[in-house]
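Try each task with the model in view before you read its solution.

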Amino acid sequence: MAALRALREADLPAASALTGSFQWPHRPEDWAFMHALGQGLAVERAGKLAATGLLVPYGEEAAALGMVSVAPELQGQGLGRAMMQGLLDLAGSRVVGLYATQAGEKLYRQLGFATLGAACQFQGATFTTTLQPLPDGERVRPTGRSDRVAIAALDRAATGLDRSMLVNALLKTGTAVVLDRGGAPAGFAVLRRFGRGQVIGPVMAEDMVGAKALVSHFLNLTPGQFIRVDVVEDSGLAPWLAALGLSDAGRVLHMVRGAAPVPTGPARRFALAGQTFG
Ligand SMILES: CC(C)(COP(=O)(O)OP(=O)(O)OC[C@H]1O[C@@H](n2cnc3c(N)ncnc32)[C@H](O)[C@@H]1OP(=O)(O)O)[C@@H](O)C(=O)NCCC(=O)NCCS
């Protein structure tokens, strides 16, 4: 039986090396950002980190689960299942969402997760920058402190989740812009350091025009730099990002265990904050 223990801050460089063995790009700093917002679990074998997993609670009712990894030489021995069981015990009665690789999908199904959709990872340093025209009265502008409440409300409307802790952390660490419509935020996006470069996400908007304007804003600021965007597959953004020159680096399934959260809209999610956060 695998002995699970809490993942500690001192484990994060080893956690980054372990997940790096699957070509996941999370730096120790990226692990630290997620770890500060959630609860991690670890398995140790012969004094070395052998497995990781992380649960990020969104209020009392929901949680995101991610970073489930088992060292390649120890896979197939039940560690992954034990890690998932430990994380689900931490989640208690919360509805749990995750983004599944092909390797994890079967295990998650066995544990009661069902597919809701999918997300596609687009990335690269070679892309065309574009100016996205907006209707009269709309513009993309930097955020101020007074936008925080509206941004958290947009995130909630787009996800059906209370992610205010995550939103606050993103606004603190990253650069955010809002899509301003007649003086009120109708969408937002965040750019932050992550992995091999920077990530644009989340992107929340009411329509494609708004979402493209938000993403274009950041692409125009970062020509030639490595950018990643995890887009919701059926959002319509994927073909546009491909046409701009970003490459499709793979697909993950959005799965949920329990009643799926119900977004109220009209803002919807075009890109994730990350595959762990959703
Ligand atoms: C997914 C992962 C965590 C599973 O860990 P593991 O310790 O190998 O899994 P377990 O031994 O507990 O097996 C759990 C289930 O996974 C599936 N599984 C395990 N090894 C498998 C393999 N080689 N091929 C296909 N399915 C496999 C089986 O359904 C298994 O249950 P069963 O043996 O009762 O049928 C591990 O493969 C991993 O770290 N992969 C790389 C990182 C990754 O993709 N993580 C998932 C992120 S969403």
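## Exercises around the ligand and the fold

**Exercise 1.** Sort the shell around the ligand by residue class, then find what supplies it.

*Solution.* Step one: by class, the shell holds seven nonpolar, eight polar and two charged residues. Keep in mind that this is a predicted model. Step two: 17 residues surround the ligand, and the closest are Gln 75, Gly 80, Arg 81, Thr 101 and Gly 104. Step three: look for the elements behind the shell. At least two shell residues come from each of β4 (62-70), α3 (79-91) and α4 (102-110). With four residues, α4 gives the most.

**Exercise 2.** Which residues of helix α6 (residues 164-173) are buried, and what covers them?

*Solution.* Step one: the buried residues in α6 are Leu 166, Val 167 and Leu 170. Step two: these residues lie on the same side of α6, because they cover an arc of only 100° around the axis. Step three: turn to their cover, which includes α2 (28-37), α5 (148-159) and β9 (184-194).

**Exercise 3.** Gln 23 and Met 67 each call for a look at the backbone angle phi. Where is each residue found, and is each one buried or exposed?

*Solution.* Step two: Gln 23 is not a glycine, yet its phi is positive, at about 65°. Gln 23 sits in the loop between α1 (12-20) and α2. It has 8 C-beta neighbours inside 10 Å, so Gln 23 counts as exposed; the cut-off for exposed is 12 or fewer. Step three: Met 67 also has a positive phi, near 55°. Its place is in strand β4. Met 67 has 27 C-beta neighbours inside 10 Å and therefore counts as buried, the cut-off here being 20 or more.

**Exercise 4.** Examine the peptide bonds from Gly 201 to Pro 202 and from Gly 265 to Pro 266. What is the omega of each, and where is each proline placed?

*Solution.* Step two: the bond from Gly 201 to Pro 202 is cis, with omega near 5°. Pro 202 belongs to strand β10 (residues 197-205). Step three: the bond from Gly 265 to Pro 266 is cis too, with omega near 0°. Pro 266 lies in the loop between β12 (247-257) and β13 (268-271).

How values were computed
Residues are numbered from 1 along each chain as its sequence is written. This is a predicted model: local features need pLDDT of at least 70, side-chain atom pairs count only at pLDDT 80 or more; totals for chains, interfaces and linings use all residues. The arc is that of the directions from the helix axis to the C-beta atoms. Two residues are in contact if their C-beta atoms, placed from the backbone, lie within 7 Å. A residue is near a molecule or strand if its C-beta atom, placed from the backbone, lies within 6 Å of it. Ala, Val, Leu, Ile, Met, Phe, Trp, Tyr, Cys and Pro count as nonpolar, Asp, Glu, Lys and Arg as charged, and the others, Gly among them, as polar.
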